[in-house]
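The following paragraphs are an introduction to reading a protein model. Please keep the sequence and the structure in view while reading.

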Amino acid sequence: VSYGHGISVTPLHIVTAFSALVNGGIYHTPTLIKSDTQKISRRVMSEQTSEQMRPLLRDVVLYGSGKKAEVAGYEVGGKTGTANKNTNGKYADRRVTNSFLSMFPASDPKYALLVVIDEPQGIKETYNFRTSGWNAAPTAGKIIASVAPQLGLKANFDIQAQKAHIKAAQ
């Protein structure tokens with residue numbers, strides 16, 4: 001479907017699919033309960049395709065609509081999404097849902113994060129924009145800046161080297 005406003009999936013489904021996209025192409029059965037039992041995993045795309053996607057998602061944050069998700073040293077990659085809401089069988093012009101689906105660090109993804117904001121309101125700081133790049137992306141950046149050190153991720157502050165590494169992978 002080329003126009004995706006009418007498509008909906010659960011947050012767990014989208015994060016699971018996104019994880020396979022960036023982790024080397026392996027689908028891991030999602031769970032919300034910690035368990036020692038082996039979960040079913042299977043390859044759903046080639047490792048090469050997955051490796052090609054990571055720099056593209058990184059570029060969304062470096063150069064595209066996800067710039068406000070950038071967290072120095074943590075190589076955030078992701079995809080913004082802004083969808084008009086369906087109201088009485090029609091898409092509303094002023095009612096939207098924002099999402100920002102991200103992973104970090106982009107060179108070797110360990111974590112995925114999905115931020116969804118229902119009906120964001122444009123404010124002075126967002127120049128009255130309601131789009132994901134002005135709402136969900138900066139929220140994701142703030143979350144990543146807060147949790148990445150708590151997860152034990154060491155920041156890589158050599159951003160120029162990382163840019164060169166990612167460009168070389170393309």
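A residue is called buried when its relative accessible area is under 20%, exposed when it is over 50%, and partly exposed in between, with a 1.4 Å probe and protein chains only. This is a predicted model, in which local features need pLDDT of at least 70 and side-chain atom pairs count only at pLDDT 80 or more, while totals for chains, interfaces and linings use all residues. Residues are numbered from 1 along each chain as its sequence is written, and side-chain values use heavy atoms, with hydrogens and water left out.

We begin with the sheet. Helices (H or I, at least four residues) and strands (E, at least two) are DSSP runs, numbered from the N terminus. Two strands are said to pair if DSSP finds at least two bridges between them. The model contains an open sheet of three strands in the order β3-β4-β5, with antiparallel pairing. Its edge strands are β3 and β5, each of which pairs on one side only. From one strand to the next, the twist averages 20°; for such angles, axes are lines fitted to C-alpha atoms, for helices over the stretch in contact, and the angles run from 0 to 180 degrees between N-to-C directions.

Consider next how the strands are joined. Strand β3 (residues 77-87) pairs with strand β4 (residues 90-104) in the antiparallel sense over ten bridges. Within this pairing, Thr80 stands opposite Phe100 of β4, and Asn86 stands opposite Tyr91 of β4. The hairpin of β3 and β4 has two residues between the strands, and Asn88 takes a positive phi near 55° there. Phe100 has Val115 as its bridge partner in β5, whereas the partner of Thr97 in β5 is Asp118. The hairpin formed by β4 and β5 has six residues between the strands.

The aromatic rings come next. A pair of aromatic rings is described by the distance of the centres and the angle of the planes. Rings of Phe, Tyr and Trp (its six-membered ring) pair if their centres lie within 6.5 Å; planes under 30 degrees apart count as stacked, over 60 as edge-to-face, and the rest as tilted. A search of the whole structure finds three aromatic pairs. Phe104 and Tyr111 form a stacked pair, with 5.6 Å centre to centre and 25° between the planes. Phe104 is buried, because its relative accessible area is 2%, while Tyr111 is partly exposed at 30%. Tyr127 and Trp134 form an edge-to-face pair, with 5.3 Å centre to centre and 75° between the planes. Tyr127 counts as exposed, because its relative accessibility is 59%, while Trp134 is partly exposed at 24%. Ring pairs link Tyr127, Phe129 and Trp134 into a cluster.

One further element deserves attention. Leu12 is found in helix α1 (residues 11-22). With a relative accessible area of 37%, Leu12 is partly exposed.
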